[in-house]
Amino acid sequence: MKYVIMIHSNPQPWGHPTPEYLPDYQDMPREQRDRINSEFEQLLGELQESGELLSGEALGAPESSRLYRWDDGKPLVTDGPYSEAKEHLAGFFLIDVDSQARAEEITAHFAGPGETVELRPAMWPGGDD
């Protein structure tokens, strides 16, 4: 079953890794931040090794996006971001796991200070398998 883990964040200035730019994370003691980073890197390594992590990508600043909408019978292109929300999509990871429970277990490790993480099943979980 394929799932997308979406990281919603609003670092100021925009940068990656996003936690480095968030006050909630910056206010933590260096020792705690180092531990969190180390544990996350270990998790990514384990997911790659098990084949559960298919891909992941950090995204550019929301202001760099271009929006395409259908208007008056043709595409209308405008500058982003898509929403005026406080948080924007900062990046995503695509995983392939045996169950929703496993997806939820993994996703819990992606949540960090100052960020919101969304787990959503892929529309066609089996993909091209």
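Colleague: Where does D72 lie?
Modeller: D72 sits in the loop between strand 3 (66-71) and strand 4 (74-79). Helices (H or I, at least four residues) and strands (E, at least two) are DSSP runs, numbered from the N terminus. This is a predicted model, where local features need pLDDT of at least 70, side-chain atom pairs count only at pLDDT 80 or more, and totals for chains, interfaces and linings use all residues. Residues are numbered from 1 along each chain as its sequence is written, and side-chain values use heavy atoms, with hydrogens and water left out.

Colleague: Is D72 buried or exposed?
Modeller: D72 counts as exposed, at 71% relative accessibility. Buried means under 20% relative accessible area, exposed over 50%, and partly exposed in between (1.4 Å probe, protein chains only).

Colleague: And what is phi of D72?
Modeller: Phi of D72 is near 55 degrees, which is positive in a residue other than glycine. Most residues other than glycine have a negative phi, and most peptide bonds are trans.

Colleague: On peptide bonds, which one is cis, with omega near -5 degrees?
Modeller: The bond from Q12 to P13 is cis, with omega near -5 degrees. Another cis peptide bond joins H16 and P17, where omega is about -5 degrees. P13 is in the loop between strand 1 and helix 1 (23-26), and P17 is in the loop between strand 1 and helix 1.

Colleague: Stepping back, how many helices and strands are in the protein chain?
Modeller: The protein chain has three helices and six strands. From the N terminus on, the order is β-α-α-β-β-β-β-α-β. The C-alpha trace spans about 55 × 40 × 20 Å along its principal axes.

Colleague: What share of the residues count as buried?
Modeller: Of the 129 residues of the protein chain, 29% count as buried. The accessible surface comes to about 8500 Å², and 51% of that belongs to carbon and sulfur atoms. Those areas come from the Shrake-Rupley method with a 1.4 Å probe; for residues, only the protein chains shown count as cover.

Colleague: How many positive and negative side chains does the protein chain have?
Modeller: There are 10 positive and 25 negative side chains, and the centres of the two sets lie 6 Å apart. Lys and Arg count as positive and Asp and Glu as negative, while His and the chain ends are not counted. The place of a charge is taken as NZ of Lys, CZ of Arg, CG of Asp or CD of Glu.

Colleague: Now the inside. Which residues have the most contacts inside the largest nonpolar core?
Modeller: I5, F93, I95, I106 and F110 have the most contacts inside that core, which has 14 residues. Strand 1 (2-9), helix 2 (30-50), strand 5 (88-96) and helix 3 (100-108) each give two or more residues to this core. A nonpolar core is a set of buried Ala, Val, Leu, Ile, Met, Phe, Trp, Tyr and Cys residues joined through side-chain atoms within 4.5 Å. In soluble globular proteins, nonpolar side chains tend to be buried together.

Colleague: What is I5 in contact with?
Modeller: Leaving aside neighbours within four places in sequence, the contacts of I5 include F93, I95, I106, F110 and V117. Contact means heavy atoms within 4.5 Å. V117 is in strand 6, and V117 is also in contact with residues including M6, I7 and T107.

Colleague: What about A103, buried or exposed?
Modeller: A103 counts as buried, at 0% relative accessibility. A103 lies in helix 3, and beyond neighbours within four places in sequence A103 is in contact with Y3, I95, V97 and L119.

Colleague: How many aromatic pairs are there?
Modeller: The count comes to three aromatic pairs. F40 and F110 form one that is edge-to-face, 5.0 Å centre to centre with 90 degrees between the planes. Rings of Phe, Tyr and Trp (its six-membered ring) pair if their centres lie within 6.5 Å; planes under 30 degrees apart count as stacked, over 60 as edge-to-face and the rest as tilted.

Colleague: Where are F40 and F110 in the chain?
Modeller: F40 is in helix 2 and F110 in the loop between helix 3 and strand 6 (116-121), 70 residues apart. F40 is partly exposed at 24%, whereas F110 is buried at 5% relative accessibility.

Colleague: Why is the pair of F93 and F110 edge-to-face?
Modeller: The planes of F93 and F110 are at 65 degrees and the ring centres 4.8 Å apart, so the pair is edge-to-face. F93 is buried, with a relative accessible area of 17%. Ring pairs link F40, F93 and F110 into a cluster.
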